[in-house]
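Please look over the sequence and the structure below. The report that follows describes a few parts of the fold in plain terms.

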Amino acid sequence: MGPKVLIALALAGGLFWASAVLAGGNAPGPDYQKLREQMVYSQIEKRGVKDAGTLAAMRKVERRLFVPESYRSQAYNDYPLPIGEGQTISQPYIVALMTQVLELDGSEKVLEIGTGSGYQAAVLGELAREVYTMEIVEPLGERAAKILAQLHYDNVKVKVGDGYKGWPEHAPFDAIIVTCAPTDIPAPLVEQLAEGGRMVIPVGEAGNQNLVLLTKINGKVKEKKIIPVRFVPMTRENGSVY
């Protein structure tokens, strides 16, 4: 099946997995708001993330709604969690750090590569004018689109396709965030980054990856390493890695 666009606003219904997770929001149980506050304070603020918008988004977006129900009790812990298809939802600190370095002010059009669970897209949806997010694994892309629609992130659009190639029909993008690691920076994404735009991306082979911030100035890209990281590889539609 070729790439297809899944516009969150237009989706109706939802997978049983997504519906069960969202329906559980009214069930008695832990104080999730308190757990999110603790997560932000101990895992994010204490590590140096200070941007007020990023912190507010991390407090608001319910990470537990983006993971399988069996992992909900662990949703606000300091580590990635499985989401199926061999993929994971990123550690909360990494989501916050990558969001902060984009320096969003609410006016931006953002491209995300690697939708995964949809959690990072939701955080971006709180901070940016428009979010375009791409996922190469079709079941994950469809699931994330349904959850984002149910949560009324009408400014987030999801596409199933090869993120290495970007989403040229909506370029240029003021910011690009990549949540899977190619061995080299994809040239199409650099081309689709607007003048003055910022891209945050993990780069390198497994075991030797760095999170990198790219800024386009006068058509040229300035690169800054942030921290060593560990992300799943960026893959092609045939399963091989970039």
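Val110 has Ala175 as its bridge partner in strand β7. Strands and helices here are DSSP runs, numbered from the N terminus: a helix is H or I with at least four residues, and a strand is E with at least two. This is a predicted model, in which local features need pLDDT of at least 70, side-chain atom pairs count only at pLDDT 80 or more, and totals for chains, interfaces and linings use all residues. Residues are numbered from 1 along each chain as its sequence is written, and side-chain values use heavy atoms, with hydrogens and water left out.

Two strands count as paired if DSSP finds at least two bridges between them.

Together with helix α7 (residues 187-192), β7 and β8 form a β-α-β unit that is right-handed. Right-handed means that, with the strands pointing away from the viewer, the path from the first strand over the helix to the second runs clockwise.

How much of β7 is buried? Of the six residues in this strand (residues 173-178), five are buried. Buried means under 20% relative accessible area, exposed means over 50%, and partly exposed lies in between (1.4 Å probe, protein chains only).

Helix α5 (residues 119-127) is also mostly covered, with eight of its nine residues buried. Among them are Tyr119, Gln120, Leu124 and Leu127.

The loop between β6 (156-160) and β7 holds His170. This residue counts as partly exposed because its relative accessibility is 25%. Leaving aside residues up to four places away in sequence, His170 touches Lys109 and Tyr132; a contact means heavy atoms within 4.5 Å. His170 and Lys109 are 61 residues apart along the chain, and their C-alpha atoms are separated by 8.9 Å.

For the protein chain as a whole, the secondary structure comes to seven helices and 10 strands. The chain has 242 residues, of which 50% count as buried. Among contacts with a separation of 6 or more, 58% are between residues 24 or more positions apart. The chain exposes about 10900 Å², and carbon and sulfur atoms supply 51% of that area. Accessible areas come from the Shrake-Rupley method with a 1.4 Å probe; for residues, only the protein chains shown count as cover.
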